[in-house]
Amino acid sequence: MMKNWQELAAICRTCNCSVQYAEPLRNHTTFRIGGACSAFVNVNSEETLRQILGLCRDRNYPYLVLGNGSNILAADSGYAGVILHLGKDFSQIRQDGTTLYCEAGATLGRIGKFALEESLTGMECLAGIPGTVGGALYMNAGAYGGEMADVIVSARCMAPDGTISVVPKAEMELGYRKSIFRQDGRIILGVTLQLQKGSYGAIKEEMDSLLGKRRAKQPLELPSAGSTFQRPVGNYASFLIDQCGLKGASVGDAQVSVKHAGFVVNTGKATCHDVLELCDFVKQTVLEKTGYQLELEPVIVGDPAKPANMPEQEAVEK
């Protein structure tokens with residue numbers, strides 16, 4: 001592994017991007033949960049990404065792309081691989097009439113604000129989701145009756161071998177919380193969105209209304225991964241969980257929110273183990289009492305079955 005670290009460090013030096021070793025994932029997820037990854041790279045360009053993917057491919061080294069970490073549950077044992085963070089260096093927004101090209105690291109909130117300032121409608125229901133547009137497309141995120149599929153035109157992507165292509169919406173296999181990108185390994189570099197010209201006042205009123213509903217009904221004051229369970233066909237997870245009297249149920253510092261039953265929140269120092277044990281209890285109770293089978297929505301990173309530990313940080317020539 002030492003050679004791999006030296007090679008990764010050399011790429012990062014050449015490309016002038018930062019890398020951290022044994023970096024706790026709890027520092028990079030909205031749940032504030034997770035052990036250390038082997039290496040955490042703040043990717044600053046497509047060329048940097050291509051070179052690191054080549055190293056990972058040649059050395060058979062695991063890697064994972066991370067945006068805002070808002071739909072992630074990271075294992076207490078961390079992630080034995082490289083985290084490729086697409087953040088501020090992948091956050092440009094460019095406009096061409098009613099079309100926006102947004103790099104993958106641009107947050108939905110920032111895109112929504114941009115659209116509002118340009119009197120473009122279509123982002124109102126997405127603007128309050130605390131994630132990046134790349135992650136939102138990966139999951140086909142949605143809220144209040146809308147989803148990414150409503151505004152997406154195409155995505156610019158990089159394959160594991162470093163080749164770049166443009167994927168049209170028709171090939172994305174978009175569905176409820178799913179897309180082709182969850183299966184084929186292509187990394188979303190940026191997305192093209194089609195919005196419509198609208199009234200600044202009407203757009204702002206709708207955004208303010210939806211953000212107000214979100215603040216009033218969701219436990220935004222506590223760390224979480226957003227909605228914890230997918231919506232079962234014909235019902236709502238939050239309704240079923242509330243119906244079963246599970247608001248406030250807890251394991252350690254993981255708790256079913258007393259404000260919104262669809263959220264499991266971190267009230268202090270919750271672990272991944274706490275969250276999964278609580279979720280298993282919720283799923284079992286809901287199944288027994290209602291017949292509905294709930295499924296987790298967050299992506300689990302790492303192996304939750306491994307005991308919590310901090311990977312040994314290997315010396316790396318700086």
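The model is predicted: local features need pLDDT of at least 70, side-chain atom pairs count only at pLDDT 80 or more, and totals for chains, interfaces and linings use all residues. Residues are numbered from 1 along each chain as its sequence is written, and side-chain values use heavy atoms, with hydrogens and water left out.

Stay on the pair. Helix α6 covers residues 200–217, and its axis comes within 9 Å of the α3 axis, crossing at roughly 155°. Axes are lines fitted to C-alpha atoms over the stretch in contact, with angles from 0 to 180 degrees between N-to-C directions. Helices are DSSP runs of H or I, at least four residues; strands are runs of E, at least two.

Now show side chains. G112, L116 and E117 of α3 meet Y200, I203, K204 and M207 of α6 (contact: heavy atoms within 4.5 Å).

Next, pick G105. Find this glycine in the loop between β7 (99–103) and α3 (108–117). G105 is buried, at 8% relative accessible area (buried is under 20%, exposed over 50%, partly exposed in between, with a 1.4 Å probe and protein chains only). Leaving aside residues up to four places away in sequence, G105 touches L86, G87, F90, S91 and T132. S257 lies 152 residues from G105 in sequence and 29 Å away, C-alpha to C-alpha.

Last stop: α2, residues 46–59. Buried residues here include T48, L49, I52 and L53. Then click N60, which follows α2 and has a positive phi, near 55°.

Conventions:
The expected span of a helix is 1.5 Å times one less than its number of residues.
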